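I opened my notebook for a browse through this one. Here is what I looked up, entry by entry.

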Amino acid sequence: MDKHYLTPLFAPRSIVAFADEDIATGRVLRETLAADGFKGGVQYLDVAGSGTLEQLAKARADLAIIALRPERVAEALDIAGRIKCRAALVLSNGIGAQQADALKAIAQREGMYLLGPNTLGFQRPSLRLNASHAGPLAKSGPLALVSQSGSLTASMLDWARKNGVGFSTVVSIGPQTGIDIPEALDFLANDRATHSIVVYMEGISDARRFMSALRGAAIVKPVIVLKAGRKPAGNEAAQTHSGTIVGSDDVFDAALRRAGAVRVRSFVELFSAAKCLASRYRPVGKRFAVVTNGGGPGVLAADWINEISLELGKLTPETAAALQSRLAPLASLSDLVDLSEDATPEHYRAALEAVAHDHAIDGVLVIHSPKVGSDGTAAARVTAEMQRHIGKPMLACWMGDATVDEARAILFGADIPNFRTPEAAVGAFGNIATFYENQQLLQQTPPPLQQLLAPPDVECARLIIESVLAERRRVLTEMESKALLAAFHIPVTHTALARNGNEAMMLASQLGFPVALKIDTPDIAHKSDVRGVALNVMSGNTARDTFDDMMRTVARQRPDARINGVTVQRMARRGREIYIGLVSDAPFGPVIVFGAGGTMIELIADRAMELPPLNQFLARRLIDRARVAETLGAWRGAPAVDLEAVEQILLRVSEMVCELPQLCEMDINPIIVDEQGAVAVDARIVVGPAPQGGHGHGPAHTGRYGHLAILPYPSSHTELVPLHGGGEYLMRPIRPDDAEMLQDMVQRLSPESRYFRFVSSRAELPPAMLARFTLIDYDREMALVAVQRLRRSDDGEHTTERIIGVSRYVTNPDRTSCEFALVVADEFAGKGIGSRLMQGIMDVAREQGLKEIDGLVLVNNPGMLKLMKSLGFSIQSFPEDPDFKLVTHAL
């Protein structure tokens, strides 16, 4: 069970091929399989030829490759199932959606994983396997390519051959394929030959599966995405400001950020980003220094650094002073590290040594311009030598053409990313900085409800929504919208509804002047457009007259609108205006939006967004990405606003989104914020029936949070458990920040316990495995940790924590069963921890609708076999390996 379930597809030991030589696809398949020297066995079968039954009796293969006319594909796929192939690749083209569904049904019935139809296939250069018609077999290398476009796949391979780019895997995903991008990413995340992954995509069929696989891959290796079909902001049918200014491409950006991946905008940038990220540099920020022998190229680099929101890295005064004496007299260190036109290779060495030790710099761009008397090749050799010592991202730009070919070859041989222009090099570093910034977002696993905040009145909020839907309405009134916000403890202005002028006068007098009056109607999204808002009303008489004027004006401009009356509220204190909104995206579901508020919201179009759920870290990052963030500090004599109050509203909105799947659109605009806090002045909310399962066209995701693309941290599975013999421990789902404690537990295990758990003698978990074990997708797997709290001996007050046991399951590809693993610290064996952890993950698996849990236990691990028997597991031999027992339990 250690091999990935797609190993028979992408790393087959043997192949059976159905290749019709009368069609181009069949001829190409025969030629490539013969020419490239696949390391496994290949056998050809003919579905219509004589002797097929005799061939079938002898045929055995992991993978079936089918390159036949469309009408013969189903028969070949059926034969592949009969000879127990575990995977199939259909290269045949011209197959419609209905026939493709029929092929998927055959594959599912026979237990085969199906790639295709209408695909170029795949390549695995290290195996000498070219199961494609995308051209010659690519050069072997650490980069994987997954593409939804056949023509672009072929173009990328052609470009890569000329530029010396090698691949571990190339996969072309067709429009009706059984194996889609999520499955391919899942395989590549576990593929040791793959160091980084590039993805070209045009659409998503299932957001939850896509995000799950993307997050799982990005936590262990860089993933770079190029997406076509960018849609500008704007949805004319939207009923809120948020829906109007947010486009689907904005949401896709937010999703990639949260998944820890990097998005690029061009074909060439895709590969340069992959090359830089594959180096696995660990920068800590955006400060990019420029070492150059020419002021002009350096200034171009500095301009682009500013353009893409990086920071020009500058030497500290101490470093600059020590370096100055080692450089030419005309060298300048004020901003750029400008070595001047007199720069020698030793000057480059001195500058790079200074940059390497300066903690104010996160990365460096080395630029060389051809000068009379300069030796670009020698400077490149020095740069290549320094690569081993610098310890931070180093990129190069050797400008020119024929005169720098040798220098570029030296840099290429040293694995230093080299670019022809300064702007391209700066853009590549921007991708490095973005990747590691997004990795911080990936590490966040917020719960649906904030533990430190007062619990919301969810039942009240649901009743408000149900009453609106019962009246066959979708748009809440201002009063209803504010009641919904108040149920989640979001501060709102006190508001009352007046149905005539006298009521408006009395309410205004009771609330105290000045007041604001607003038309109350579900049919007008933007009230100020029809003169439906009056501010700073200073007297009762004015309130009455304003009411009458507003009712007449709105009725004249919108005679079709249903008008309930006019709301009266006291004017909020002066402050800065922001807005918080919600949009629903296909396929990613609800998205939280933040930006500058007020009546000019659409003109300003300040929008930063994040997929829910949020925590404080994510809320602060969301605020920082909006342009309005620059105005929230001390500004033009006004003190800084209470950012914590803004964060609290964002967290409360996140709770609303998690707990109320009926929410479709929402504007809280404006929110007045100052140094004393924040208050929502107006709100507009659109609701609808709760979505049935997930978003997109893939299989539905059921459960309480099925409407979210990212499942919240399942805090409901947290429990305080008594420990046999005294004491207690906390059982809870694992979190990414448990990595250090988990590694400590593994290191403390006895060699025997480590071998029983990992079937290896490793003393600790490799970084990639540690990341996979702690950042998990709670939708398809679960890991429960037993955490013991210990008082520190130095002061007796503060506590430390340690993990003393872990149980986990991973859902199998059939999505009806799961495989488990369990380990308990040696000093806690026999104290009931293993039994309780197993019961815990079995309970979660049942909640997820799984029907069976199984696992492999070494035959020489009697303690585990005894525990499994006590829990009711059946124990039987494992035919594939006699060293193991297969234990199973129905759920």
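Before the first entry, a term I need: two strands count as paired if DSSP finds at least two bridges between them. I also keep in mind that this is a predicted model.

**Entry: a hairpin**

I looked up how β26 connects to β27 and found a hairpin that joins them through 2 residues. Strand β26 covers residues 663-674, and its pairing with β27 is antiparallel, over 4 bridges. I noted that I671 sits opposite A680 of β27.

Next I asked which way the side chains of β27 point. In a regular strand they alternate between the two faces of the sheet. In β27 (residues 677-680), G677 and V679 point one way while A678 and A680 point the other way, and all are buried.

**Entry: cis peptide bonds**

Back in β26 I found P670, and a cis bond links N669 to P670, with omega at about 0°. Another cis bond links G116 to P117, where omega is about 5°. P117 belongs to the loop between β5 (113-115) and β6 (121-124).

**Entry: positive phi**

Most residues other than glycine have a negative phi. S309 is not a glycine, yet its phi is positive, near 65°. I placed S309 in the loop between α12 (295-307) and β14 (311-312). S309 counts as exposed because its relative accessibility is 51%, and the cut-off for exposed is over 50%.

N536 also has a positive phi, near 55°, but I found N536 in strand β21 (residues 533-537). With 46% relative accessibility, N536 counts as partly exposed.

**Entry: a glutamate in a helix**

Is E655 buried or exposed? E655 has 0% relative accessibility, so it counts as buried. It is part of helix α24 (residues 643-659). Setting aside neighbours within four places in sequence, I listed its contacts as P448, L449, Q450, L453, P456 and F488.

**Entry: two packed helices**

I checked α14 (residues 345-357) against α15 (residues 376-390): the angle is about 20° and the axes are 9 Å apart. Angles under 35 degrees count as roughly parallel, so α14 is roughly parallel to α15. Their crossing is right-handed. Among the residues making the contact are Y348, R349 and L352 of α14, and V382, M386 and I390 of α15.

**Entry: nonpolar cores**

Which residues have the most contacts inside the largest nonpolar core? They are F122, F210 and F588, in a core of 65 residues. Helix α8 (residues 207-218) gives the largest share, 7 residues. Apart from this core I found another, of 53 residues, including M782, V824, M838 and M864.

Conventions: Residues numbered from 1 in each chain as written. Predicted model: local features only at pLDDT ≥ 70, side-chain atom pairs only at ≥ 80, totals over all residues. Heavy atoms only, no water. Buried < 20%, exposed > 50% of the residue type's maximum accessible area, 1.4 Å probe, protein only. Core = buried A, V, L, I, M, F, W, Y, C linked by side-chain atoms within 4.5 Å. Contact = heavy atoms within 4.5 Å. Axes fitted to C-alpha atoms, helices over the stretch in contact; angles between N-to-C directions. Parallel < 35°, antiparallel > 145°, perpendicular 65-115°, else oblique. Left-handed = near helix turned anticlockwise from the far one by under 90°.
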